[in-house]
Amino acid sequence: MARLASAQAPSPRALPFDDFPGWRLAGSRDPGWNASGRGRNLRAFALMPEPDPTRPQDAAMEMPMSWSATQYSKFEAERNRPIRDLLAQLQGDNVASAADIGCGPGNSTELLKQRFPEATVIGMDSSSDMIEAARKRMPGTGFEIADIAGWQNPGPFDVILSNAALQWVPDHRALLPALIGKLKEGGCLAVQMPDNLDEPAHILMRETAADGPWAAALVNASKARGTRQSADWYYRLLRESASGVDIWRTTYHHPLAGGPPAIVEWFKGTALRPFLDPLDAAQRAGFLERYTAAIAQAYPALPDGSVLLPFPRLFFVATR
């Protein structure tokens, strides 16, 4: 479909809004939703122009996000569980070379090395803070600062691991075949990505961002994470360049001490980064206060003061 003139908005009809480049759907939702309920209906909606990076409020999201190894590691035991589950699906021990892409503070690299102790293991991440932490954790391991989309190492590797990183990287249609191309014959690409954009915590991020004095600064925040695709989409794509594909989805239920504020602390290390980084200190404090109150409504504390955080994740292992 041809791009519509910027001065004329398309009619909000029953068509996929991807059909209207340059426009996005904005709306408010019915209240009364909590962690046990799903899928509120749009109460009101409007078609809005896509953000323009030449405007200051939109250009804020062009800046790279900051990542804190300390904040991320607060829930390391819970974050490690899906890594262990993914690595357990890799068959055989004849692995000479392995790479951890988007390695974060090195917790996943450490588990990769434990799984394949005889392998030469390397790690890479775009965050200097994460790489510094990884080097301290595993001083004998080679770590580099690099972006996954532009990663130049040709391999070949027996295993490429990516844990909770590819959701930040665009164009999976091009990326995943390129990563498989860095494997040896019989090598495996093992990937885990959060699949929680429809969970209360994420919906409330977007709603809090759209309803406050920070709205202009955060108009593009939700787009920092790449487009989510279905398991079927990934399976079909991977089958084009892999000899075998195993794909599954698991929802973890993490008990967190500290009640609803612990959920906010969890996401401050990951998904909240695009919403917090563009704000000044006062705006950030106001956003977190409002978001924490909404989280407390959606995830009520248990009698002992803890809270249960459901967390769906998508996994796949593609064998070349």
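This briefing describes the helix packing, the nonpolar cores and the backbone features of one predicted protein model.

The model is predicted, and local features are given only at pLDDT of at least 70 and side-chain atom pairs only at pLDDT 80 or more, while totals for chains, interfaces and linings use all residues. Residues are numbered from 1 along each chain as its sequence is written, and side-chain values use heavy atoms, with hydrogens and water left out. The protein has eleven helices and nine strands, these being DSSP runs numbered from the N terminus (helices H or I of at least four residues, strands E of at least two). Of its 320 residues, 45% count as buried, where buried means under 20% relative accessible area, exposed over 50% and partly exposed in between, with a 1.4 Å probe and protein chains only.

**Contacts along the chain**

- Among contacts between residues at least 6 apart in sequence, 72% join residues at least 24 apart, a contact being heavy atoms within 4.5 Å.

**Nonpolar cores**

- The largest nonpolar core holds 29 residues, and those with the most contacts inside it are Phe267, Leu272, Phe287 and Tyr291; such a core is a set of buried Ala, Val, Leu, Ile, Met, Phe, Trp, Tyr and Cys residues joined through side-chain atoms within 4.5 Å.
- Two or more residues of this core come from each of α7 (200–210), α9 (260–268), α10 (273–276), α11 (281–298) and β9 (307–319).
- Leaving aside residues up to four places away in sequence, Tyr291 touches Ala201, Leu204, Met205, Thr208, Val264, Phe267 and Leu272.
- A second, separate core of 28 residues includes Phe157, Tyr234, Val245 and Phe316.
- In α9, the buried residues are Pro260, Ala262, Ile263, Val264, Trp266 and Phe267, and what covers them includes α3, α7, β8 (244–256), α10, α11 and β9.

**Helix α7 against helix α11**

- The axes of α7 and α11 come within 10 Å and cross at roughly 140°, with axes taken as lines fitted to C-alpha atoms over the stretch in contact and angles running from 0 to 180 degrees between N-to-C directions.
- This crossing of α7 and α11 is right-handed, meaning that the near helix is turned clockwise from the far one by less than a right angle, anticlockwise being left-handed.
- From α7 the contact draws on Pro200, Ala201, Leu204, Met205, Thr208 and Ala209, and from α11 on Phe287, Arg290, Tyr291, Ala294, Ile295 and Ala298.
- These residues divide into ten nonpolar, one polar and one charged, with Ala, Val, Leu, Ile, Met, Phe, Trp, Tyr, Cys and Pro counted as nonpolar, Asp, Glu, Lys and Arg as charged, and the others, Gly among them, as polar.

**Helix α3 against helix α4**

- The axes of α3 (residues 76–87) and α4 (residues 107–115) come within 10 Å and cross at roughly 40°.
- That angle makes α3 oblique to α4, since angles under 35 degrees count as roughly parallel, over 145 as roughly antiparallel, 65 to 115 as roughly perpendicular and the rest as oblique.
- Glu76, Asn80, Ile83, Arg84 and Leu87 of α3 meet Asn107, Ser108, Leu111, Leu112, Gln114 and Arg115 of α4, and by class this contact has four nonpolar, four polar and three charged residues.

**Backbone features**

- Most residues other than glycine have a negative phi, and most peptide bonds are trans.
- The peptide bond from Gly155 to Pro156 is cis, with omega near 0°, and Pro156 lies in the loop between β5 (142–145) and β6 (157–163).
- Ala164, although not a glycine, has a positive phi of about 50°; Ala164 is placed in the loop between β6 and α6 (172–180) and, at 22% relative accessibility, counts as partly exposed.
- Asp171, in the loop between β6 and α6, has a positive phi near 60°.
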